[in-house]
Amino acid sequence: QLQLVESGGGLVQPGGSLTLSCAASGFSLDDYSIGWFRQAPGKEREGVSCISNKIATTYYVDSVKGRFTISRDSAKNTVYLQMDSLKPEDTGIYYCAASLIAPVQFMCDSLPRKLNRGSWGQGTQVTVSS
């Protein structure tokens with residue numbers, strides 16, 4: 001069974017950090033581009049950061065540039081999202097997804113519209129609040 005499981009969310013104060021993990025089972029993440037997406041209350045799901053499957057090209061939405069870092073660990077079959085200097089507007093449920101859509105910016109921009117609600121996992125809740 002092909003599955004992605006997100007973890008690592010939590011409650012953090014503004015300025016704090018969290019590291020999210022996206023672990024795969026049943027397939028190799030190295031064969032796919034991987035993206036992190038988030039959905040804030042009352043808002044559409046949006047692409048946050050994506051990393052390509054071959055040369056690890058990365059893309060970040062403007063609002064997280066310089067604060068978030070996406071990375072792969074092939075040995076653990078896991079993709080991470082290191083989130084620093086967190087802001088209240090980063091609050092939301094964070095999801096990961098795998099795709100062969102290229103380039104990664106297009107993947108990040110288009111995947112939320114292409115995948116139906118049932119195609120997403122449980123996600124992990126991130127709450128940034130004092």
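Start by selecting strand 4 and strand 5, which form a hairpin with six residues between them. In that turn, glycine 42 has a positive phi of about 75°. Strands here are DSSP runs of E with at least two residues, while helices are runs of H or I with at least four residues, and both are numbered from the N terminus. The model is predicted, so local features need pLDDT of at least 70 and side-chain atom pairs count only at pLDDT 80 or more, whereas totals for chains, interfaces and linings use all residues. Residues are numbered from 1 along each chain as its sequence is written, and side-chain values use heavy atoms, with hydrogens and water left out.

Strand 4 and strand 5 pair in the antiparallel sense over five bridges; two strands count as paired if DSSP finds at least two bridges between them. One place to look is phenylalanine 37, which stands opposite glycine 47 in strand 5.

Next, select proline 41, in the loop between strand 4 (33-39) and strand 5. Is proline 41 buried or exposed? Its relative accessibility is 69%, so proline 41 counts as exposed. The cut-offs are under 20% relative accessible area for buried, over 50% for exposed, and partly exposed in between, with a 1.4 Å probe and protein chains only.

Move along to strand 5 and strand 6 (residues 58-60), which pair in the antiparallel sense over three bridges. Serine 49 has tyrosine 60, in strand 6, as its bridge partner. These two strands also form a hairpin, with six residues between them. Alanine 56 in this turn has a positive phi of about 55°. Strand 5 itself is mostly covered, as five of its six residues are buried.

**The disulfides**

Now show the cysteine side chains. How many disulfides does a search of the whole structure find? The search finds two disulfides, a disulfide being a pair of cysteine sulfur atoms within 2.5 Å.

Select cysteine 50 and cysteine 108, which are joined with an S to S distance of 2.1 Å. The link is right-handed, with 110° about the S-S bond. Cysteine 50 lies in strand 5 (residues 46-51) and cysteine 108 in helix 1 (residues 104-114), so the pair ties together parts that are 58 residues apart in sequence. Cysteine 50 is buried at a relative accessible area of 0%, and cysteine 108 is buried at 1%.

Then select cysteine 22 and cysteine 96, also joined with an S to S distance of 2.1 Å. This link is right-handed too, with 75° about the S-S bond. Cysteine 22 sits in strand 3 (residues 18-25) and cysteine 96 in strand 9 (residues 92-99), so this pair ties together parts 74 residues apart in sequence. Both cysteine 22 and cysteine 96 are buried. Counting bonded cysteines along the chain, the disulfides follow the pattern 1-3, 2-4.

Strand 7 is joined to strand 8 (residues 78-83) by six bridges, and the two run antiparallel. To finish, find isoleucine 70, which stands opposite leucine 81 in strand 8.
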